[in-house]
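Student: I'd like to learn how to read a protein model. Could you walk me through one?

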Amino acid sequence: MELKELLGSSFECRCGKTHTVPTEKFFYAEDAFGSITGLIDTYSPASSCLIIADSRTYGVAGREIADLCKNGGAKCSCFIVPDHDGESPTVDDTTRDLLLNRTADSDFLLALGSGVINDLVKWVAFLQHKPYIVVATAASMNGYASANVAATIDGLKVLFHAAPPKAVIATPDILLNAPYELSAAGLGDVLAKPVSSADWRLNHFLFEDYFCQFSIDLLKDLEPVYLKNPDKIRNRDSDAFKALFTALFYSSIAMTITGTSSPASGGEHLVSHTLDMLATRKSCSHDLHGRQVGVSSILMAALYERILTIDQPRFSLPPSQVDETFWGALTPAVAKEYEAKLPKMSRAVEILNQPGNWEACKSAIKPHLIPARQLKECLRHAGAVHRYSDLRFNKAPVTQDFFVSVVSHASQMRSRFTILDIAVLLEIIPEETEELIVKWCK
Ligand SMILES: [Zn+2]
Ligand SMILES: [Zn+2]
């Protein structure tokens, strides 16, 4: 389906659901800002528009957009979300409450930013039933049009429902000139797609969970553009960036229409979330989401390759408790997720030990996968991080021991069943964790 047919549409899908796409417009063009005043008129004719940015994103286009709005006759003001401990703002309840207060008198919100600013505005727009649009400042993540926000509450990542934007606006000029590590992170996030869709298909096979092939196929035509031409991303080729940004956008649409993050988030995201949670627990910094996801995606693809070589597997149940030494103060929250996962683990063992099921399971997941080598080479040629030691935790490179430990425990932190769990049931985790990490991520 063409993008313009998809936007704002509602249609019956072969998966059995009626999909509704709440985002109605997508602009990627040099003159994309020309659409802003028209959008304000459409969605909130008598509006007072509040432009929300942080100090960095305001510098990118804040004044230009404010002038455009004023010249177009819209009542418009700006709010710059304050930094958090000298770093970028965070998506948490304190910042949300600050914004709820500041946006109370505005009818229309314009987010100028990427991950954090877009998430904050999407959250507040939902709570206040207000329309919002986003002007993207980087092709850094796949959450632009998703309906969820991952916020940090008391040190834990918690998912909240939120309102997708009415429109996503990007200019090649801004995206191409954004700090390159942000675009490279976006590539890392979108490269999770093959392994996360394999994880999703795995859940469909084992537990008959809901699954939608249509949402996966949305990226089918775009994927080869960046996968086969990573050098073009590195050289800031306009067409390659368009493909990357559009793929990130489609990826967020896939999550919104299916009502789950499963099309774009599997075991690799659990590794990334674990790094985030450990950092929050220690009140220290972690790396960019997409950088963590990119490195972890290589490893997940390698784990899939490893399990596909096994013909006569022996599945055994994992420990019934989470590792308190590793999780520390996070143990109660993690234990709750893990408890919800244990029945799935038993069920998976029961199913996969029945004759013929392992072969059928392998055939179901295989078509979704891309070789680990190809993912690694794509990231490497794009100048993106592809080794654990490229990642920063507490401002220092991630060490091998720490990464091995994170990967070995990541499956415990969410009830979602992924390749990490299959690896645990086959005892590849912990027995071969280090070997695979050395082979693929060193
Ligand atoms: Zn569907
Ligand atoms: Zn992600």
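Tutor: We'll go from the whole chain down to single residues. This is a predicted model, where local features need pLDDT of at least 70, side-chain atom pairs count only at pLDDT 80 or more, and totals for chains, interfaces and linings use all residues. Residues are numbered from 1 along each chain as its sequence is written, while chains are lettered from A and ligands numbered from 1 in the order in which they are written.

Student: How many helices and strands does the chain have?

Tutor: Helices (H or I, at least four residues) and strands (E, at least two) are DSSP runs, numbered from the N terminus. Here you get 22 helices and twelve strands.

Student: What does the radius of gyration say about the chain?

Tutor: It's taken over C-alpha atoms, and the globule rule is 2.2 Å times the number of residues to the power 0.38. For 442 residues, a compact globule would come out near 22 Å, and the chain agrees because its value is 22 Å. Along the principal axes, the C-alpha atoms fill a box of roughly 70 × 45 × 40 Å.

Student: Is Ala 136 buried or exposed?

Tutor: Count the other C-beta atoms, placed from the backbone, within 10 Å of the residue's own: 20 or more is buried, 12 or fewer is exposed, and in between is partly exposed. Ala 136 counts as buried because it has 29 such neighbours. Across the chain, buried residues make up 49% of the 442.

Student: Where does Ala 136 sit, and which residues does it touch?

Tutor: Ala 136 belongs to strand 7 (residues 132-136). Two residues are in contact if their C-beta atoms, placed from the backbone, lie within 7 Å. Leaving out residues up to four places away in sequence, Ala 136 touches Ser 114, Tyr 144, Val 168, Ile 169, Ala 170 and Leu 175. Take Val 168: 32 residues from Ala 136 in sequence, with 7.2 Å between their C-alpha atoms.

Student: Which peptide bond is cis?

Tutor: The one from Ile 429 to Pro 430, with omega near 10°. Pro 430 is part of helix 21 (residues 428-431).
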